[in-house]
Amino acid sequence: MSTRATRGSTRKRDEPAGHMEGKHGDDLDDVTGASEFEAFVREQFKKLLEGQKELQDEVRALEDNVEKNVQLLEARMERMEKKMEASETTQRESAKQIKSITQRLKATEQAVEEFQTKCNKLERFSRRNNVRIIGRKVQKGENCVSTVEKILEDKFGLDHIKIERAHPDGPRNSDSDGVPQHILFKLNSYADKVSIMKAARRKLQDESYYFTDDLTVTDLQEKRKWMEKVRHAYKEGKKYRFYNGYWRDGQGKVVSFD
């Protein structure tokens, strides 16, 4: 009885021991699985951190690149602004120079025009006693002073007029073109010249030649400029005469054809 009881007791004591061993094995499996999961989580977290670091590096590099581009752009804009300021300054200076040159040019043109006017007046004064005979052929070796004196005596009844000089004027070969040389003569007295010119149209109306003033180039251009209008006015009964650089009426007033 005691032996069976002992064996039974032993068997009962062994059963809890086997049961404990199985439970302990399950616990080990749980621990191993937890460790692997923890390692996996750690590995993934490490990779996540590494990926985050790479992303941060890329972002930082991109920011640096953007900053450099911004700096380059700002530098270019600054250079362009300086160039524009320099260009504007140059333009202002050029505008000032052009204005100054224009003013000086205008003043110079005005001075030249005034000088030409004075020169023309002086030349006109030097010719004031001159008379041109146009349309009369000059013979070779002809004494022009004697010719003028004879015309004044025969046509004007003047034998006391003093002639300072007389000579052919114009190209010598002008006769070949059908335009004879002029006879240019200068009187000692301006009063004699005026009286002769007043009577010249009437005294020489039947002749092939005529008397006219010895005009400067400028005055001759002005005279020819309005010749057609003067002819038209003459047909309407208006008579004008050109002297002292302008067409004038019977009272000596300057006539405007503009």
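Tutor: Buried means under 20% relative accessible area, exposed means over 50%, and partly exposed lies in between (1.4 Å probe, protein chains only). The model is predicted: local features need pLDDT of at least 70, side-chain atom pairs count only at pLDDT 80 or more, and totals for chains, interfaces and linings use all residues. Residues are numbered from 1 along each chain as its sequence is written, and side-chain values use heavy atoms, with hydrogens and water left out.

A salt bridge is a side-chain nitrogen of Lys or Arg within 4 Å of a carboxyl oxygen of Asp or Glu. The whole structure holds 16 salt bridges. Helices, numbered from the N terminus, are DSSP runs of H or I with at least four residues, and strands are runs of E with at least two.

One of the salt bridges joins Arg 60 to Asp 57, with the closest N and O atoms 3.1 Å apart. These two residues stand three apart in helix H1, which means that about one helical turn separates Arg 60 from Asp 57. Asp 57 is partly exposed, at a relative accessible area of 33%, and Arg 60 is partly exposed as well, at 44%.

Another salt bridge pairs Arg 124 with Asp 219 (2.8 Å, N to O). Because Arg 124 belongs to helix H1 and Asp 219 to helix H4 (residues 217-225), this pair ties together parts that are 95 residues apart in sequence. Arg 124 is partly exposed at 22% relative accessibility, whereas Asp 219 is buried, at 4%. Finally, shared partners link Glu 123, Arg 127, Arg 132, Asp 169 and Asp 214 into one network of salt bridges.
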